[in-house]
Amino acid sequence: MRVLVTGIAGAVGRRVARELVAAGHEVAGIDRRGWIGAPPEVELHELDIRKRTADTVFRRFRPEGVVHLATVTHVTAPSDDRYRINLYGTRAVFDHSSRYGVRRVIFVGRHTYYGAGPDAPLYHREDEPPLAVATFPELADLVAADLYAGSALWRFPGMETAILRICYTLGPSGLGPLASYLRGPRVPSVLGYDPLFQYIHEDDAAAAIALALTGAPRGVFNVAGPRPMPLSLLIALVGRRRLPLPEPLFRASLGRFGLPALPRDAVAHIKYPVVVADEQFRRHTGFSPRYDEDETAAAFRAAPERPDAGRVRGGGRTGL
Amino acid sequence: MSNSSDSKPAGPENSRRNPHRVKYAREISAVGARVRRLELPFNRHGIDPYGVRQRDLARMFSLFGLAYRYYFRVAVTGVDHVPARGRAMLVGNHSGGYAIDGAMVVASLFFDKDPPRLVQGMVDKFVNRLPFASQWSSRLGQFTGLPEHAERLLGDGRLLLVFPEGARGTAKLYPQRNTLVEFGAGFMRLALATRTPIIPFGFLGGGEAIPTIANLYKVGQFVGLPYIPITPYILPVPRPTPLRIHYGEPMVFESTGNEDDDVVDGYVQRVKDRVRTLLDHGGARASGPPREAKS
């Protein structure tokens, strides 16, 4: 299959590309960022998905499958820019895909779509509405992109669209929203709260996306890795020290004293769990993660302390 | 709980030198052994898929065990009516100004059931908003009473605890301590949808343990609680009075899938009547004479 991956230079994008090449697919990628050391089999295009030139890539490469990973999840990118990338980028991907006869589109969204709160259920199912809009307004564009991608299910009935809501990725790249939160030697948490955190190894996330391309039917699927773990235990597993702070102090010290700079509303995601039920995805694709909760944490623990600063938009900030 | 990242085995193994404490220390290590006998899918960190943690269960039951056996001296009848495994719903009356009734029901099926079972209560929403209460209730499997939680836990063959009276039930004052207020119908809808047997129970003595003379609603809301119960001695500290729990025979309701509200309300009334009977006649009608709690 000819597969086009948008956002190919990201930690998960690179792994998806390698996974697809290894499975014998023909792979092209689009990203604003470059990828030094990309496998020679991958055809790279350094451009913005919203630009006209992206149309040319679709026309020439004629992909049969598209994996759309080009969403900005770091909350520090100026928010209207983020909004544009996430929504107009997603629109462009679906428009091009439909125009050039792509058969399958995989939109990779986030499990934080569901939001966290005291009255939210553990194990969110795919049919639940997005609470994140209320609990964490900074995530509104990701929620909107997810719902917009979902509209492709009825707008382009001839195209097989799957929306994946993947839990936090963690692994050797040391990148991602959860990684940014866990990066420092001391990880602040809110005193008196110890939510479950659900995370998946980057390689498993890539494998799940590749599997979705060939295995998942149309629809919306939660994707998760091993069993969720309490935050306190996760922090211990990645070799960090937990710094429980009373909530007002927690809010006041974010971004100071070497602690991660979380957006104000991210506090709900440190107090309450976002855990998704992934039975649907497992049943349809037979997916099973290769790395358990300890191996995944160990992979992140071994990650370079300061991952290539140029690649992390916004440095130490994070968008749980 | 700032030291929750360490990973000592559940239950302190070393008995203290003080001979008076040896008995308690032995019981606490027995609690650890019982926790390991719980038939839940714990992983190697001692955590189940819902975040229930063996170590925290051992801590809680060590504390509950003392209250259950020595402070309240809880007497239980009909514990055999609770199935040894598989889903079931414990439904009973609230007794006492706050959740000691729930805690003692959880303790009774841990200490007096073989193998022990973990009862998972459907908790009022305010609990998860409070620091520490949120953390502890999560680690002990006591989740907010949402239909999603109930459905999923029952689907996993868990044992649920429901007080259909809700917060109105704990707010009963001393003179009304053995009455029942209105039962919500949510539990019955769930039981019908999931074909779950209901084990009715009557809980006696909570009103004597916490003799509420008034409830401070305004003050309670200020600190995030529904209300604060006031006793003749002001503080709502429970007194060491004996408590009794009577479990009745399982009730199974067959469902067509779309019962009318009247029909469901009728079923709810039947459960409420059974709870009433258990309160009035104790375990006499259930199974044999009431037996004293082991001491």
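Which residue of β9(B) stands opposite Val76(B)? In this predicted model, the residue is Ile245(B). Val76(B) and Ile245(B) face each other where β1(B) and β9(B), the latter covering residues 244-247, are joined by 3 bridges and run parallel. Strands of a sheet pair through backbone hydrogen bonds, in either a parallel or an antiparallel sense.

This pair of strands belongs to an open sheet of 7 strands in chain B, ordered β1-β9-β6-β2-β5-β3-β4 and mixed in its pairing. The edges are taken by β1 (75-77) and β4 of chain B; each has a single partner strand, so one side of each has no neighbour in the sheet.

Two helices of chain B lie across strands of the sheet. Helix α3, residues 100-111, lies across β1, β2 (88-92), β3 (119-123), β5 (159-162), β6 (198-204) and β9 of chain B. The angle between α3(B) and β3(B) is about 165 degrees. Helix α11, residues 261-281, lies across β2, β6 and β9 of chain B, and runs at about 40 degrees to β6(B).

Chain B also touches chain A, in a contact that takes 23 residues from chain B and 20 residues from chain A. On the chain B side, at least two residues each come from α4 (125-129), α5 (133-139), β4 (143-144) and α6 (147-155). Thus β4(B), an edge strand of the sheet, is also one of the elements that supply this side of the contact. By class, the side of chain B that touches chain A holds 12 polar, 7 nonpolar and 4 charged residues.

Turning to chain A, the secondary structure consists of 12 helices and 13 strands. The C-alpha trace spans about 55 × 40 × 40 Å along its principal axes. Among contacts in chain A between residues at least 6 apart in sequence, 78% link residues at least 24 apart.

Gly225(A) gives a local view of chain A. Gly225(A) sits in the loop between β11 (219-223) and β12 (229-230) of chain A. Why does Gly225(A) count as buried? Gly225(A) is buried because 26 other C-beta atoms lie within 10 Å, where 20 or more are required. Beyond its neighbours within four places in sequence, Gly225(A) contacts Cys167(A), Tyr199(A), Ile200(A), His201(A), Asp204(A), Pro289(A) and Thr296(A). Ile200(A) is 25 residues from Gly225(A) in sequence, yet their C-alpha atoms are 4.4 Å apart.

Notes:
Residues are numbered from 1 along each chain as its sequence is written. Chains are lettered from A and ligands numbered from 1 in the order in which they are written. This is a predicted model: local features need pLDDT of at least 70, side-chain atom pairs count only at pLDDT 80 or more; totals for chains, interfaces and linings use all residues. Two residues are in contact if their C-beta atoms, placed from the backbone, lie within 7 Å. Helices (H or I, at least four residues) and strands (E, at least two) are DSSP runs, numbered from the N terminus. Ala, Val, Leu, Ile, Met, Phe, Trp, Tyr, Cys and Pro count as nonpolar, Asp, Glu, Lys and Arg as charged, and the others, Gly among them, as polar. A residue is buried if 20 or more other C-beta atoms lie within 10 Å of its own, exposed if 12 or fewer, and partly exposed in between; C-beta atoms are placed from the backbone. Two strands pair if DSSP finds at least two bridges between them. Axes are lines fitted to C-alpha atoms, for helices over the stretch in contact, and angles run from 0 to 180 degrees between N-to-C directions.
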